[in-house]
Every structure is written in C-alpha cells, then in structure tokens.
Amino acid sequence: MEGEAGEAPGLGRPAAAKDFHFHHTDLYDSEDRLQIFPEEDTQMRREVVQAEMTNEPREPMKGKAQRNLGEEVDELVHLYGLEDDHELGDEFIDENMPRIEVSEYPPYMMMGREPLREQRDWRLSGEAAKAEDLGFGAWGSAGQCQDLREAYRYTHGHASEEYECYVIPEEEDEEEAADVFCVTCKTPIRASEKVFDEHKEHEVTPLSKALESAKDEIHKNMYKLEKQIIEMENFASHLEEVFITVEENFGRQEKNFESHYNEILETLAQKYEEKIQALGEKKKEKLEALYGQLVSCGENLETCKELMETIEEMCHEEKVDFIKDAVAMADRLGKFLKTKTDVEISAQPEFEDQTLDFSDVEELMGSINTIPAPSAPVINPQAPNSATSSSVRVCWSLYSDDTIESYQLSYWPVQDSSPGKDGAAFTMTVKETYCSVTNLVPNTQYEFLVRAQNRAGLSPASECAVYMTAPCPPIIKSKEIRSCEEAALICWESGNLNPVDSYTVELTQAETPGASGVTESVVGIPTCECLVQLQPRQSYTIYVRALNVGGPSARSEPATVHTTGLYFHLNEHTRHPWLTVSEDGLTVVRSERKVPAGEPLPSDTRFTRCVAVMGNLIPVRGRHYWEVEVDECLDYTVGVAFEDVPKQEDLGANCLSWCMRHTFASSRHKYEFLHKTTPDIRITVSPRKIGILLDYENSKLSFFNVDISQHLYTFSCQLPQFVHPCFSLEKPGCLKIHNGISMPKCVTFY
C-alpha cells in the first residue's frame with residue numbers, strides 16, 4: 001500500500017527520501033505541479049514501462065523525426081506550464097548550440113527500480129536529483145542524461161540548489177578575457193593578439209592602467225563639466241536678472257512716456273478751453289458793439305423820417321402858421337444836424353489771427369527725449385584680495401535707470417587735511433563701473449569717490465570709501481633664524497611703515513634647488529617671528545607674506561633652513577666692544593690691543609666687563625648639539641646662559657650660566673666647569689674642538705672632546721626657561737662655531 005500511495009501522484013515515480021526536500025525556487029517544487037501532465041502523457045508513460053518490463057524494443061513513432069534540443073526544451077516548457085515565463089524564451093537558445101538527437105518520448109523508469117532509486121548518490125546537484133525524480137534517470141545513457149541536464153540548465157539559467165543563486169548560462173566556446181589595452185585602436189584586447197594579430201605594431205598598456213587612466217580622464221571631464229554647468233547656471237541666472245531688469249526698465253519707461261503724454265494732453269486740453277473761452281468773449285464783445293450801433297442808427301433814422309414828415313406838413317399850412325412853425329422847426333433841425341452821427345462800423349467782421357502759445361507744450365514734448373542728470377553712484381566696500389602693493393581695484397554701483405556716458409573717479413591718500421586744501425587728489429575718467437588704480441604706495445589707505453556723467457551734466461559725488469593697498473614683502477632676517485631637527489624659529493622685518501594685520505609663512509620642502517610647491521603654510525601670525533615644526537634631516541625654503549584688508553603681499557626673498565641639527569648665529573647686539581663677529585655670524589674674534597680702551601658703560605643687553613657674546617636663543621625643547629673650535633684661542637669660556645644673565649659679571653660666576661673655562665699659564669692647561677662653584681677636574685688631552693649637548697628635557701648640559709669622542713663633564717641644571725649659547729675670550733684669539741650638524745653617536749648616550 002505504501003508503494004501504491006507513493007506512485008499515485010508521481011506518474012510512476014516513487015516517493016522521495018525522507019531527508020530530501022524540494023525548494024520553492026526549483027521548477028519542480030511540488031508534486032501538485034506534476035499533476036498538470038495531460039492524461040495522454042500518463043498513458044504513454046505506462047506503455048513505456050510495460051515495454052521495458054517485457055524487454056521489447058520500442059520503436060519510435062512513425063512520422064516523427066528526430067528533434068533537436070530546442071524542440072525538446074519547448075516541449076518541456078509546455079509540459080511544465082512555463083509558457084508565460086519570459087526568462088525561458090527562445091532567446092536562450094543559440095543557433096550554434098550543440099544539438100542532442102533524442103526520441104520524442106524517452107523511456108521512463110519502472111516500478112521495479114525503486115530500490116536502485118533509494119541507493120542513488122545524494123551528492124548530486126539539486127538539478128540532477130530533481131531531474132532524476134521526474135523520471136529522467138533512465139532516459140537514454142548516462143551521458144545523454146547529463147547532456148540533457150546541462151542543456152536544460154544552459155537554456156533556462158536555472159538556480160543551483162547548492163548555492164541558491166541564478167546561474168548565468170555561459171557559452172561553451174567563450175573567448176578569453178581581454179587583459180591589455182591597445183592605445184592605438186583604443187580597445188581592450190588579449191595579450192596573444194599583440195603578438196600575432198593586427199595589433200602587433202600597436203602600443204599597448206595594462207588593462208588596469210588603461211582603466212585608471214580612463215577613470216582619471218572621466219573625472220577630469222566631469223570636473224570640467226561640473227564647472228561648465230556652474231558657469232552656465234551663473235550665466236543663466238545673470239541672463240534672468242538682465243531679463244527682469246530690462247522688463248522693469250521698459251515698464252518704468254512706458255510709465256514715464258504715459259505720464260509725459262498724459263501731461264501734454266492735459267496741457268493741450270487746458271489751452272483749448274482757454275482759447276475757446278477767449279474767442280467767445282471776443283465774439284460777444286463785437287456783437288454787442290454792432291448791436292448798439294444798429295440801435296443808434298435806427299433811432300436816428302426814425303428821427304429823420306419824423307422831421308421830414310413834419311416839414312412836409314408845414315409846407316401845406318398857411319403862411320402865418322408856417323412862419324410860426326418854421327422858426328421852431330429850423331431850431332430843431334439845426335440841433336439835429338449838429339448832432340454827429342457815427343456811421344463807421346465799430347467791429348470788423350473779419351476774424352482776427354490768434355497767436356497760440358505752445359511753448360510750454362513744446363517744453364513738455366522736449367522733456368520726453370531729454371536725459372536728466374544722473375544720480376550719485378555708490379562705491380562698494382573693498383573686496384578681499386583686491387589689491388596689490390601698488391594697485392587697488394575699485395568697484396561701484398548705480399541704483400537708478402539713469403543714462404551714463406562715463407564716470408569720474410577721484411582719489412587721494414588718507415591724511416589729516418582734506419584733498420581740496422593740498423591739491424593731492426587725482427581724477428580718472430572710466431566707462432565701466434570698476435577701475436584698477438595703479439602707481440600707489442604700498443600698505444597705504446586711499447579715499448575714493450565717484451561721479452556719474454552724461455550730456456546733461458555730472459551727478460552728485462558718492463560717499464567716500466577707503467581702500468588700502470597690499471603691504472610690501474617682509475624681509476627675512478637670515479642671521480636670526482634658529483633651527484633644530486624638529487623645528488625652526490623664523491624672524492623677519494615688516495618692511496612697511498604702517499602696521500599690517502598678520503603674516504603668513506610658506507614652507508617649501510625641496511630635495512633639489514629650484515623645486516616649487518608649498519608644503520605647508522602657517523597663517524594668522526601677529527608678530528614678526530614664528531616657530532614652525534619641521535621634519536628632521538630635510539631642507540626647506542622659507543617665504544613670508546604680509547596681509548592686510550587689501551590682500552597678501554608678494555613673497556619675500558627666500559631663506560633656506562636645514563633640519564640636520566641646531567643652527568644659530570651670534571647676536572651682534574650682545575657682544576663686547578672688543579669683539580668682532582664675522583659676516584656669517586659664526587666666528588668671534590678678539591684682536592690684539594696695545595692700549596686697552598676704557599670699559600664701556602653698563603648695559604642690560606651688551607656685555608661690558610666680561611669680553612663675551614651670546615648666540616641667539618634656543619627656543620625649542622629637546623636635545624641640541626653644536627661644536628666650537630678653540631685651537632686658535634688660549635683663554636676662552638663656552639657654555640649657556642639665561643637671557644637676563646648679568647652683563648657686568650664673568651660667565652659662570654652666578655646661578656644664571658653654566659660654562660666651561662680654559663686658561664693657559666706656565667705651559668699648563670687648566671679646565672674649569674663653572675656654575676657658582678668650580679669642581680676639580682683634570683683633562684689629560686686638550687680638546688681642539690669642544691662639543692656641547694644641551695638637553696632641555698633631562699635638564700643637562702654636557703661637554704665633549706670631539707676629536708677623541710671623550711666625555712668631559714655634565715651639569716645637572718634646572719632650565720625653567722630657554723637659554724642662549726655664550727662665548728667669552730679672555731685673551732686675543734678666535735672661536736669658530738659649527739652648527740647645523742648631526743649629533744655624533746658618542747653623544748647620544750648622554
């Protein structure tokens with residue numbers, strides 16, 4: 001029963017082993033998928049099993065030709081219901097793929113092979129096991145089955161059960177990967193093609209190098225592209241601003257024209273009303289005068305008619321009556337005739353020419369095209385790095401729509417007096433809203449003002465703005481530079497009359513002279529010296545720049561610093577007047593004097609009683625070593641001292657100095673190590689060159705005979721502050737200092 005139960009759903013396949021599990025990622029992930037086979041396929045398999053049990057050969061079906069791998073794959077896709085899977089299309093089957101000729105319906109395993117199935121090798125891949133479970137185990141020979149499984153995996157890109165990842169099908173005849181790059185053809189090739197192919201005479205380079213070069217080129221192009229994008233964005237922004245400005249300007253101009261023309265129309269309308277009113281009054285006046293004349297003329301005419309009628313009536317009267325009336329009539333006619341009748345027309349009918357005054361209208365019309373005088377510009381504050389030691393770049397703006405033909409820029413040095421009093425102002429005419437003013441004094445403040453100009457005249461002056469030129473380059477004090485293996489103290493002079501804001505020290509580490517490039521920069525230095533940390537046993541070229549609001553100065557003259565050992569010079573300001581310091585600051589000489597001069601006046605900085613000189617301060621913690629040649633001097637003192645050591649006392653006679661003194665008397669050399677007390681030490685071999693080791697960290701000062709590498713003496717001294725090397729010559733002679741040298745091996749043990 002268990003066997004039948006195992007056969008039912010499997011189309012003649014046995015049940016799987018207990019420890020065998022089907023994964024969901026497999027095409028054959030469940031037994032339910034196996035039930036999708038058509039009934040006719042099941043019947044066909046049963047016939048195959050029966051034929052194998054009877055050992056009868058089964059002939060292929062008539063009319064069915066041998067099919068290639070693609071057709072078999074298509075049938076498997078159809079049987080398993082994978083027609084809709086786009087990843088299993090025809091695109092995975094190559095025309096050049098090797099074809100395996102198999103029959104249409106391969107034989108399947110029989111029921112009797114169940115024991116063999118249980119003994120199969122479970123180390124097979126998941127694909128092989130699943131294919132065998134589906135009845136492919138007896139499909140032809142083992143090689144054919146393996147070929148079919150490989151072909152199926154190739155065409156379907158199936159997931160491996162062992163790794164559970166998608167296996168990308170690979171071509172059997174995959175070409176060898178390219179490992180070099182042909183520079184001439186600009187294409188990757190195999191190394192073998194360089195020897196035998198057309199690339200034989202071409203230049204090639206390793207593929208990794210070509211890849212890095214291509215990446216660098218792409219990065220450079222991307223940087224250029226980003227820069228171009230930024231420039232185009234800025235240009236587009238500027239165009240947008242110009243567009244808006246043009247639109248606003250023309251809008252204001254349209255309003256200006258509209259306002260002017262409305263004003264002209266209002267003026268014309270006012271003149272029209274005035275002229276019409278004047279014409280009406282003139283017309284009324286003339287008509288009234290003519291009407292008065294007409295009335296007077298009518299009255300006279302009536303009077304004449306009445307007199308004529310009266311005279312005619314008198315002529316028909318009797319003589320007596322006539323005479324009586326004639327006298328009265330004669331008087332009346334006399335009076336009437338004496339009255340003067342105005343027969344001239346008081347108002348002519350012709351229209352008098354009216355002169356129209358349009359001068360104000362013409363003035364308004366002219367004001368439309370008249371350019372007014374511009375308004376005052378505004379000078380911008382000085383921009384950083386906008387000046388050199390002899391020039392400044394001045395910029396200004398015009399916040400109006402005025403038409404400008406040029407600008408007048410005036411400037412003068414900042415002084416107590418105004419420019420108009422001393423006549424020190426200079427004026428330039430420029431077209432742009434900026435100007436580079438040259439021939440100026442370094443590190444000096446100048447006042448600037450600007451006026452705009454057009455054909456209407458000059459604008460009012462802008463507010464004054466103060467600009468400052470960059471400083472002069474500082475001057476490095478080469479003799480005051482002190483260096484050791486790990487640091488250097490750089491000193492310089494400002495070189496400017498006016499104070500500057502800060503200084504910048506630039507270091508260039510150079511293997512060879514003339515090398516360029518800034519290794520390090522120290523910025524914001526407020527004073528004229530700077531302690532810089534350096535790398536041991538290197539050579540550096542030092543530059544100094546001064547900075548103010550106008551920008552940095554040019555570089556100073558270079559100075560070279562070596563970090564092979566302690567390097568210092570003798571300080572001229574501390575030497576006794578009887579001593580002479582060489583030009584390089586490394587040799588001190590006391591000359592012969594027949595008549596000793598009187599002692600100089602006491603001083604806090606210069607030795608007056610002790611004929612001595614001090615070297616520059618050693619301002620760096622650590623171990624420092626230098627040597628002194630003493631073979632040209634019989635009586636000398638060498639050592640170290642604090643800066644405030646008394647200049648009227650001998651070196652070593654106080655608690656502020658530690659020294660070694662040598663005196664020669666009666667053919668005997670005497671050596672003393674002085675610090676308030678004198679220890680009794682005998683030296684058998686007189687040193688010609690003395691080595692001095694100053695150890696700040698361990699508070700020690702050691703002396704050595706350099707020629708024989710002999711340790712002479714070591715002071716244990718407290719050094720709460722930095723010290724100076726010091727040298728004294730009690731008799732005429734010469735001491736030569738050797739510094740900037742490496743520490744000998746014999747010295748490193750102390």
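**Close-up views of a predicted model**

View 1. Glu309, Glu312, Glu313, Glu317, Glu318, Asp321 and Asp325 form a negative surface patch, a patch being made of residues with over 30% relative accessible area and no salt bridge, with like charges joined within 9 Å and nonpolar side chains (Val, Leu, Ile, Met, Phe, Trp, Tyr) within 5 Å. Two or more residues of this patch come from each of α9 (207-315) and α10 (319-338), and α9 gives the most, with 3 residues; helices here are DSSP runs (H or I) of at least four residues, and strands (E) of at least two, numbered from the N terminus. Glu313, found in helix α9, is exposed, with a relative accessible area of 55%, where exposed means over 50%, buried under 20% and partly exposed in between (1.4 Å probe, protein chains only). The model is predicted, so that local features need pLDDT of at least 70 and side-chain atom pairs count only at pLDDT 80 or more, while totals for chains, interfaces and linings use all residues. Residues are numbered from 1 along each chain as its sequence is written, and side-chain values use heavy atoms, with hydrogens and water left out.

**View 2. A nonpolar patch on the surface.** Met232, Phe235 and Leu239 together have about 300 Å² of accessible area in this nonpolar patch. Phe235 lies in helix α9 and counts as partly exposed, at 44% relative accessibility.

**View 3. An open antiparallel sheet.** The sheet has 3 strands in the order β4-β5-β8, and its edge strands, β4 (378-379) and β8 (434-437), each pair on one side only; strands pair if DSSP finds at least two bridges between them. Strand β5 (residues 392-397) pairs with β8 in the antiparallel sense over 4 bridges, and Cys395 stands opposite Tyr434 in β8.

Technical notes:
Areas by Shrake-Rupley, 256 points an atom, 1.4 Å probe, with all protein chains shown as cover. Salt bridge = Lys/Arg side-chain N within 4 Å of Asp/Glu carboxyl O. Lys, Arg positive; Asp, Glu negative; His and termini not counted. Charge placed at Lys NZ, Arg CZ, Asp CG, Glu CD.
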